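Colleague: I'm new to reading structures. Could you walk me through one, feature by feature?
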Amino acid sequence: MIFKMNILNNIESIRKEFPILNTTVNGNKLIYLDNAATSQTPNCVIESISSYYKNLNSNIHRGVHTLSQIATEKYEDTRKKFSNHFNARSSSEIIFTSGTTHSINLVSSGFTNFLDDKDEIIVSQLEHHSNIVPWQMLCEKTGAKMKVIPMNDKGELDLNAFSNLLSDKTKIVFVNHVSNALGTVNNIQEIIEKSHQVGAAVLIDGAQAVPHFKVDVRKLDVDFYVCSAHKFCGPTGVGILYGKKEWLEKLPAYQGGGEMIDEVTFEKTTYSELPNKFEAGTPNIAGVIASGIALDYINTIGLENIKEYEDYLLNYATEKLLEIDGMKIYGESKNKTSVISFNIGSIHPYDIGSLIDNLGIAVRTGHHCAQPIMDFFKIPGTIRISFCFYNTTEEIDTLINALKKASTMLS
Amino acid sequence: MKIKEIQDQIVEEFDIFDSWMDKYEYLIELGKSVPVIDDINKTDDNIIKGCQSKVWLHAQENDGFVEFSADSDAIITKGIVSLLIRTFSNQRPDDIINASLDFIDKIGLRQHLSPNRANGLNNMIKKIKFYAIAFSKTK
């Protein structure tokens, strides 16, 4: 058991919890620096999934038999865990989905009922495509117009410009808490307050925030907050949607099916109460329970410890990267999580990515599903490294040497 | 030289290298010698879909033979394209259509590309074959 601690002093025992970190890639020990895409999975989460199928597999919310009752209890306990973690008013404000994208689509699709061609909705220039495209589809259906909060050269949102975009026509604002491509932590508190002043709802995409620091939805007074379990050491295929009760009650059901009904006749169906109204069909029970174990795991390590250690890695890597000739870092906000996006001279990020993959180093290259950001900087893409609390300064040193070698080969 | 012979030659060249780092170094060298496409042909129509980097491929017929030119903003991609061009340029359309491409697997390149990147490579090969089909029909 790991208690609150200084991660640096316990890094070896933490790393032992992640079996994949012993993998070799192309004959080299894996150095995994693509944590913003997905984080790795500790033994306790892997065991939770395995144990579910070995000991507990059954369908929830419907069986009177023992296994079904225990599985239901574990599933609903997990909802309570997330409700407590995010400080929701009640666990019925937590909906399990298949991921952040699903959560956003659930909300954007529901807003079809609330918008017409006189309305406006606001996005930011820093968004992942998954927080752009569902809303564009909403605009196509309703005729509403989408406005964009611009950003500056450091990759920070211009909140004065945001104020000017807001009006009584604004119905919903959707912004990420942390940019996946640049790591910028946005001042969402101010965005939420200003949006509420004109009566607009706010959805925050917290996929890149929840793994790195504590989020309190009540303190933020946010209307919707969404994230994915696989970004915080959980399994893929599980998303969390927090929604204020009044909003979730107002939103229409997203998918029809079992579990989400109250009574069904061929004439009319009435829907269940929250949260079941939004969880049609058999959910990813094993995944949801394991996501709760992942949440426990990061909370045992401690999000304050995680933040402190990841900031240390971020500063160390930033300093070392800047020693490389031609280094250009994109996203220079003072308020960042452990993501660094960069290019070296005019070398294509794909070329660097291909070469260092040979040396066992996993990074992301390309536009990171955020083409508007790349258009802003007029580049085809970047190399992105993103840290988790199991990464080390030694791994960063190996990366730096690999980058120097690649850069020499490609210049 | 026939397509088959060129491919065998490429496989021989790559056999010299022990590590993929050395093979990449060679690809980078090759990338610098691609018959570069004229700017006028760097059109959106000539961009190959599915590549992480931008790749343009153009073809023209010269006396019954197809000549390819290409460019990419990534040098390793250019190296790969240069091997394709070396294999297929100055060949007759029917020979290109009927050729089976084996050097990519023999030098281990396909295993070395992620599915995304291998998809880009397949699209390059498809485009080369489409050009050959088009020229064979205009004969």
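Modeller: Happy to. Start with pLDDT, which is the predictor's confidence in each residue, from 0 to 100. This is a predicted model, where local features need pLDDT of at least 70 and side-chain atom pairs count only at pLDDT 80 or more, while totals for chains, interfaces and linings use all residues. Residues are numbered from 1 along each chain as its sequence is written, and chains are lettered from A, with ligands numbered from 1, in the order in which they are written.

Colleague: Which elements of chain B have the lowest and the highest mean pLDDT?

Modeller: One term before that: helices (H or I, at least four residues) and strands (E, at least two) are DSSP runs, numbered from the N terminus. In chain B, the lowest mean pLDDT among the elements is 78, for helix α6 (residues 109–112), and the highest is 96, for helix α4 (residues 93–98). Chain B has a mean pLDDT of 89, with 96% of its residues at 70 or more. For the complex, the predictor gives an ipTM of 0.85 and a pTM of 0.92.

Colleague: How many residues does the contact take from domain 1 and from domain 2 of chain A?

Modeller: Two residues are in contact if their C-beta atoms, placed from the backbone, lie within 7 Å. The contact takes 25 residues from domain 1 of chain A and 27 residues from domain 2 of chain A. On the domain 1 side, the elements giving two or more residues are α11 (303–321), β14 (339–344) and α13 (371–377) of chain A. α11(A) gives the most to that side, with four residues.

Colleague: And how does that side divide by class?

Modeller: For classes, Ala, Val, Leu, Ile, Met, Phe, Trp, Tyr, Cys and Pro count as nonpolar, Asp, Glu, Lys and Arg as charged, and the others, Gly among them, as polar. The domain 1 side has eleven nonpolar, nine polar and five charged residues.

Colleague: What about burial: is His368(A) buried or exposed?

Modeller: Count the C-beta atoms, placed from the backbone: a residue is buried if 20 or more others lie within 10 Å of its own, exposed if 12 or fewer, and partly exposed in between. His368(A) is buried, because 23 other C-beta atoms lie within 10 Å. You'll find His368(A) in the loop between β16 (364–366) and α13 of chain A, and its phi is near 55°, a positive value in a residue other than glycine.

Colleague: Where is Asn26(A)?

Modeller: Asn26(A) sits in the loop between β1 (24–25) and β2 (28–29) of chain A. Its phi is positive too, about 50°, although Asn26(A) is not a glycine. Asn26(A) is partly exposed, because 14 other C-beta atoms lie within 10 Å.

Colleague: What is a nonpolar core?

Modeller: In soluble globular proteins, nonpolar side chains tend to be buried together. A nonpolar core is a set of buried Ala, Val, Leu, Ile, Met, Phe, Trp, Tyr and Cys residues joined through C-beta atoms within 7 Å. The largest one here has 151 residues, and those touching the most other members include Val202(A), Tyr225(A) and Ala70(B). Helix α10 (residues 285–301) of chain A gives the most to this core, with eleven residues. Domain 1 and domain 2 of chain A both give residues to the core, so it lies between them.

Colleague: How many residues of chain B are in contact with chain A?

Modeller: 13 residues of chain B are in contact with twelve residues of chain A. On the chain B side, α2 (20–31) and α3 (75–88) are the elements giving two or more residues. The largest share, five residues, comes from α2(B). By class, that side has seven nonpolar, three polar and three charged residues.

Colleague: Last one: which residues does Lys244(A) contact?

Modeller: Leaving aside neighbours within four places in sequence, Lys244(A) is in contact with Glu93(A) and Asp223(A). Lys244(A) lies in the loop between β10 (239–243) and α9 (245–250) of chain A.

Key: Domain bounds come from an automatic or database domain assignment.
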